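Subject: Structure for you to look at

Hello,

Here is the structure I promised. Please open it next to this message.

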Amino acid sequence: VRAAPHDDVLLLSSGGRAWRNQVGFVPDKATLGQLGLGRDEGLVGLEVLPDATPLPGDRTLAFLTRAGRIKRTLLADVALTPGNWATVVGLPDDGDRVLAAGITAPGAEALFATAGGYLLRTTMDAVNPQASGSARGVAGIAVRADDHLVGAAIVPAELTGGGPEAGGVWVFIATATGYIKRVPLAEYPHKGRGTGGVQTLKVTGLTGQVAAVAVGDETAGVDVLFENGKRQRIPAADVPAENRYRQGARLIALLEAGAPIVGMVVG
């Protein structure tokens with residue numbers, strides 16, 4: 001992201017914590033441990049808080065968790081001491097982690113994707129903001145007993161109404177065996193919180209389960225991220241446009257054994 005010298009940077013972690021400071025206090029190079037993160041904690045979001053034009057008071061910090069929950073906190077209620085990490089969302093469940101986080105405006109939406117090929121698209125406006133850092137939010141998706149969440153994404157308010165005129169907004173889906181496709185966001189109906197969503201891929205032995213999901217437009221690039229820290233970049237326009245059921249194409253070159261797909265970013 002781009003930031004001016006006097007802007008603040010907001011780092012958001014998988015442990016539900018936030019760190020704020022001016023750009024100049026962000027290290028040129030640092031390990032996650034040197035940034036103050038725990039052993040099993042990583043970064044899931046990075047935002048810029050401009051010095052010249054403060055954000056409107058209706059902006060919130062939104063967190064989507066592996067347990068399928070949504071937590072919103074008004075940005076004005078997040079009290080951060082510069083250079084120190086603070087807990088913004090409670091994660092009381094064993095193994096729960098934040099999958100996606102960011103600053104949202106009214107109209108933003110949440111996407112949850114499961115390994116079994118289901119995706120929930122739901123609005124976040126109905127989620128009441130919680131100021132307490134220990135509050136854990138509310139239920140987002142109801143995951144089937146034989147399934148589990150593998151990814152989540154925040155759809156910014158400016159994209160939910162149709163997005164960029166050149167190509168619209170797409171949901172990108174990658175599978176464990178290297179298949180990838182993009183589906184128009186408009187093909188996913190809005191569903192209420194606490195529901196299971198709709199099918200986003202017909203999972204087969206050939207495709208493997210869904211491994212990652214992301215949102216963006218076709219003018220961007222797609223970075224497929226692997227567990228060993230490597231990535232593969234694919235032009236978004238090269239990803240086949242499909243409906244919610246087709247498998248797409250095998251464009252992802254899987255790396256050596258032991259390095260599965262762990263995420264995907266469009267930008």
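Below are the findings, grouped by topic.

Some ground rules come before them. This is a predicted model, in which local features need pLDDT of at least 70, side-chain atom pairs count only at pLDDT 80 or more, and totals for chains, interfaces and linings use all residues. Residues are numbered from 1 along each chain as its sequence is written, and side-chain values use heavy atoms, with hydrogens and water left out.

**Strands and the open sheet**

Helices (H or I, at least four residues) and strands (E, at least two) are DSSP runs, numbered from the N terminus. Two strands pair if DSSP finds at least two bridges between them.

An open sheet is built from 4 strands. Their order is β11-β8-β9-β14, with antiparallel pairing. Its edge strands are β11 (149–155) and β14 (198–199), and each pairs on one side only.

Strand β8 (residues 109–114) is antiparallel to β11, with 6 bridges between them. Here E109 faces V155 of β11. Strand β9 (residues 118–123) is joined to β14 by 2 bridges, again antiparallel. L119 is opposite V198 in β14.

How much of β11 is buried? Buried means under 20% relative accessible area, exposed means over 50%, and partly exposed lies in between (1.4 Å probe, protein chains only). In β11, 6 of the 7 residues are buried, so the strand is largely enclosed by the rest of the structure.

**Another strand pair**

Strand β4 (residues 60–65) and β7 run antiparallel, joined by 6 bridges. L64 has A100 in β7 as its bridge partner. Strand β7 (residues 98–104) has 6 of its 7 residues buried, so β7 is largely enclosed by the rest of the structure.

**Cavity and pocket**

The search ran on a 1 Å grid over the protein atoms alone. A cavity is a set of points where a 1.4 Å probe fits but cannot get out. A pocket is an open set with protein on both sides within 12 Å along at least five of seven lines. Lining residues have an atom within 4 Å of a point. Grid points are joined across faces, edges and corners, and a volume is the space filled by probe spheres set on the points.

How many cavities of 30 Å³ or more does the structure hold? There is 1. The largest cavity has a volume of about 40 Å³. Its lining consists of L10, R20, L49, L61, L75, V78 and L80. That lining splits into 6 nonpolar, no polar and 1 charged. Nonpolar covers Ala, Val, Leu, Ile, Met, Phe, Trp, Tyr, Cys and Pro; charged covers Asp, Glu, Lys and Arg; the others, Gly among them, are polar.

The second largest pocket holds about 220 Å³. It is lined by 13 residues, and R20, L49, P54, L55 and L75 are the closest to its centre. By class, the lining has 7 nonpolar, 2 polar and 4 charged residues.

L75 sits in the loop between β5 (69–74) and β6 (85–87). Its relative accessibility is 17%, so L75 counts as buried. N21 is 54 residues from L75 in sequence, and their C-alpha atoms are 15 Å apart.

**Rings and charges**

Rings of Phe, Tyr and Trp (its six-membered ring) pair if their centres lie within 6.5 Å; planes under 30 degrees apart count as stacked, over 60 as edge-to-face and the rest as tilted. This rule gives 0 aromatic pairs.

A charge sits over a ring if NZ of Lys or CZ of Arg is within 6 Å of the ring centre and within 35 degrees of the ring normal. R144 lies over the face of Y118, 3.7 Å from the ring centre. R182 has its charged end over the ring of W170, at 4.4 Å from the centre.

**Two single residues**

Is F172 buried or exposed? F172 belongs to strand β12 (residues 170–175). Its relative accessibility is 0%, so F172 counts as buried.

Q130 is in the loop between β9 and β10 (138–139). At 26% relative accessibility, Q130 is partly exposed.

Best wishes
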